[in-house]
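Trainee: I've got a model open on my screen and I'd like to learn how to read it. Can you walk me through it?

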Amino acid sequence: MNTGSPKRAIVIGAGLGGVGAAAALAAKGWQVTVFEKNAHVGGKLNLLQQDGFSFDLGPSILTMPQVFEQLFARAGKRFADYVELQSPRPHWRNFFEDGTVVNLYPSAAETVAHTECLGPQDERDLERFLAYSRSLYTACEPSYFTLGLDSVWEMVRHHGGIASLRSFDLMASMDTGVGRHVRHRHLREVLDFFVKYVGSSAFDAPAVLNLLAHVQSAFGLWYVKGGLYRLALALSQLLSDLGVDVRLECEVAEMLRQDGRIAGVRLADGSRHEADVVVSNMEVVPAHRRLLGESERELRRFRRFEPACSGLVLHLGVDREYPHLAHHNFFFSGNPREHFRSVFHKKQLPEDPTIYLVAPVRSDATQAPPGCENLKILPHIPHVQDPPFSAEQYHALKERVLDKLERMGLEGLRQHIVTEQMWVPEDIERLYHSNRGAIYGVVADRWKNLGFKAPKHSDRFENLWFVGGSVNPGGGMPTSLLSGLQAADRIMARPSD
Ligand SMILES: Cc1cc2nc3c(=O)[nH]c(=O)nc-3n(C[C@H](O)[C@H](O)[C@H](O)COP(=O)(O)OP(=O)(O)OC[C@H]3O[C@@H](n4cnc5c(N)ncnc54)[C@H](O)[C@@H]3O)c2cc1C
């Protein structure tokens, strides 16, 4: 045990949650070492440069920039000095099989003004929906986002009784919440797809997640000039500015137990490192299985924290432009309910998936050679299954995706591909050690977990904490980062021993 100061923390993994915890602790004088198995800081924020094209491998949308500002402010820095943000318009362009296009803007008025098929009634509906979405965010903000409460019981205690949770609309589904406010079928399908930010189904996720529409409309949807990977570089610089000892290509193989505490870690090279506190950005289930050696029987207590969906991630460099695309596009399934059912219930590769397509050249010409586009194409698909999908099944899905995109306006797509790369859930699992290749941590499902992810504090070791997509508030980039800041605050608030 370290008796002098400063206190020592080991952080396992340099994803958003790990960086948040490491920076917040270091800013308060802790001596922090980060062990990251890969060769870069940022975790799923990753980059592929191939044949003159630059592909952001992971996230493409930054929301809640205030969380990043808060991170840098804790270190006495300004986020704006590290990255330049741009806000693409529309936020999303949504294509439907019947030829309808819905352009989603931050406000109802702009959305309707830029969308042929919508009229005054839809504008009123959307305004009512956004007010409902704001009320959900306002209800959750003080407890879930600011204090980082971890369970429905903590929320009940904080808000003063079960009745006070009515404002969270917890027992309805997202889809039901949308349907209560909006009549237009395609507009409803677009609003249901805010569930993409947590990799879940709009028919299973609790309606409280309709707050995601307010998050995007009020705090904006952002692109980092030069590519999202610039954010990873900024985070790496911040850790260096704070004196954090970041060891890349160092995989943690075991957490070392001693007297009911975690005494430190053993790396894959056999070296041992001690700490007062250990923070794991490795997800909760893989960390308990691989680093703590828990049996499948012991792991059953995490059963309700099922992994969120994964994705078939296609990166295409094409030698032409598709000017009708916006920066962020969705090509909707002809039957979105069936799409969700395939991915989340039947656990099958969807026949007709809803596809997210990013065309960053709309905002940033540096991402592809002149006259070309780099396209990131992402249908959500089930996490790694037993038995796994075969290479042929993944390939057949890729062909269905390309067929659909060609049918819905990307003429001659196949013949214009000059470079490509494809990732399947097994690649994501291997690269980041995420639970079964999930890309957004834990699924939000009102029957399984009411939308709560795993708690940040270990249920067995007083000095072990978890951060990132598998714990609250988890999910996407800002919430993973927030989990790291919240864990650091709780670590520092505990009486020292
Ligand atoms: C294709 C894709 C698209 C996405 N799109 C968006 C988007 O547009 N917007 C958004 O907000 N989010 C998006 N996300 C989700 C977002 O990337 C994640 O929610 C977020 O980055 C997760 O952060 P995290 O803290 O959980 O860490 P992770 O990114 O999961 O990083 C964990 C790190 O820990 C390391 N690690 C694990 N085990 C060990 C070990 N034993 N030893 C050492 N190191 C270890 C891993 O190598 C990794 O670097 C997307 C994700 C993917 C994959």
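Mentor: Strands (E, at least two residues) and helices (H or I, at least four) are DSSP runs, numbered from the N terminus. Keep in mind that this is a predicted model, where local features need pLDDT of at least 70, side-chain atom pairs count only at pLDDT 80 or more, and totals for chains, interfaces and linings use all residues. Residues are numbered from 1 along each chain as its sequence is written.

Trainee: What is the strand order in the open sheet of 3 strands?

Mentor: The order is 10-11-12, and the pairing is antiparallel. Strand 10 (252-258) and strand 12 (272-274) are the edges, each pairing on one side only.

Trainee: How many bridges join strand 11 to strand 12?

Mentor: There are 3, with strand 11 covering residues 261-267. One to look up is V265, whose bridge partner in strand 12 is H273.

Trainee: And how do I describe helix packing?

Mentor: Two packed helices are described by the angle between their axes and the distance between the axes. Axes are lines fitted to C-alpha atoms, for helices over the stretch in contact, and angles run from 0 to 180 degrees between N-to-C directions. Here, helix 6 (residues 174-181) and helix 7 (residues 185-192) pack at about 145 degrees, their axes 10 Å apart.

Trainee: Which residues make the contact?

Mentor: Helix 6 brings M174, D175, V178 and G179, while helix 7 brings R188, L191 and D192. Contact means C-beta atoms, placed from the backbone, within 7 Å.

Methods:
Two residues are in contact if their C-beta atoms, placed from the backbone, lie within 7 Å. Two strands pair if DSSP finds at least two bridges between them.
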